[in-house]
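Hello,

Here is the structure we spoke about. Please open it alongside this note. My findings follow below.

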Amino acid sequence: MWISRYVCLFIVYCCMGWIYETIYCTVKGGKWENRGFLYGPACPIYGVGAVAISLVVRAVEASGASIVPWQIFVVSVVGSAVLEYVTSWALEKTFHALWWDYSNLPLNLHGRISLFTSLGFGFGGLLVVYAIAPFSEKMVDRVAPIWMEFWALVGVAVFIMDTTLTVTALLHFDRMVIRVEESFNKNMENIVDNAVQRTVSIKQDIQSKQAYMSERLESMGVYVNPAMRRVRILRYKDEARKFAGNHMLEIMKKRR
């Protein structure tokens, strides 16, 4: 029962986080921006953070101790920083991409976290504990136990399908970038090998191969566009692959 309860709360917090992120980024950018890692209207990192701080507060209260606002603030700041950094690192290692970047903010660490955003999440933790969580828990507790379990199962099923679809699209993109890179390198090697015989047409060949690569990358957009448009930065060690990935990202941004 309590598992179904927190699953439902997790889904509610994920949707609330998506609404906040989307509204904030849309207003800031002056155009519609669908935020989040998944296709659906949910930001799992907000769900994890909100459920975690709620569980911490409940555990402290259950032990008979009391927790004051400044302690909640500190826990939220530290917890959000750890959660953001680990999530950003895992996403980059898995997909060679970042969904947020704080490099332009002062006091940031590798662009994954920054002091100002972590302080903002500290205030967000206070908002969750004293306003959002009590309201959300009251609404969820009004649902009959059988229906709570039903909606928890439905939510988990949809979440798993969405995650599977998103991960498949992103991994497919990564493999296609590697294939384009290999094709580009092979073509460039052939051009260099024939440089002496074809010195006049080298520039034209390079331009034609770049155009071919751009066309291939753009053709990928039909499959991966919904997932890739949320990406802020693509990171690859190899320069050719980095060029291919960032070129694809630029294509996605132009289509928004």
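In which strand is S114 found? S114 sits in β3, residues 113-114. Keep in mind that this is a predicted model.

**Around S114**

S114 counts as buried because its relative accessible area is 2%, under the 20% cut-off. Setting aside neighbours within four places in sequence, S114 contacts Y102, L105, P106, L107 and N108. S103 is eleven residues from S114 in sequence. Their C-alpha atoms are 8.4 Å apart.

**Two backbone angles to check**

One of those contacts of S114, L107, has a phi near 55°. That is a positive value, and L107 is not a glycine. Most residues other than glycine have a negative phi. L107 lies in the loop between β1 (97-98) and β2 (108-109). L107 is exposed, with a relative accessible area of 60%.

H110 also has a positive phi, about 60°, without being a glycine. H110 belongs to the loop between β2 and β3.

**Nonpolar cores**

The largest nonpolar core has 23 residues. Which residues have the most contacts inside it? They are Y13 and I72. Five elements are listed as giving two or more residues to this core: α1 (2-29), α2 (44-62), α3 (69-95), α4 and α5. The largest share comes from α1, with seven residues.

There is a second, separate core of nine residues. Its members include F95, A97, Y102 and L170.

Not counting residues up to four places away in sequence, I72 touches I53, V57, I67, G125, L126, V129 and Y130. In soluble globular proteins, nonpolar side chains tend to be buried together.

**A serine in α3**

S80 is found in helix α3. Is S80 buried or exposed? S80 is buried, because its relative accessible area is 14% and the cut-off is 20%. Beyond residues up to four places away in sequence, S80 touches S118 and F121.

**Cysteines**

How many disulfides does the structure hold? The count is zero. Take C25: the nearest cysteine sulfur belongs to C43 and is 8.9 Å away. A disulfide needs the two sulfur atoms within 2.5 Å, so C25 is in no disulfide. C25 is buried, with a relative accessible area of 14%. C8 is buried as well, at 12%.

**A nonpolar surface patch**

Which residues make the nonpolar surface patch? They are V143, I146, W147, F150, W151, V154, V158 and M161. The patch covers about 790 Å². V143 lies in the loop between α4 (115-141) and α5 (145-193). V143 has a relative accessibility of 31%, so it counts as partly exposed.

**Where to look in the viewer**

Start at S114 in β3. Step to L107 for its positive phi, then to H110 for the one there. Next, pick I72 and display its contacts, among them I53 and Y130.

Best wishes

Methods. Residues numbered from 1 in each chain as written. Predicted model: local features only at pLDDT ≥ 70, side-chain atom pairs only at ≥ 80, totals over all residues. Heavy atoms only, no water. Patch = residues over 30% accessible without salt bridge, like charges linked within 9 Å, V, L, I, M, F, W, Y side chains within 5 Å. Areas by Shrake-Rupley, 256 points an atom, 1.4 Å probe, with all protein chains shown as cover. Salt bridge = Lys/Arg side-chain N within 4 Å of Asp/Glu carboxyl O. Helix = DSSP H or I, 4+ residues; strand = E, 2+ residues; numbered from the N terminus. Buried < 20%, exposed > 50% of the residue type's maximum accessible area, 1.4 Å probe, protein only. Core = buried A, V, L, I, M, F, W, Y, C linked by side-chain atoms within 4.5 Å. Contact = heavy atoms within 4.5 Å.
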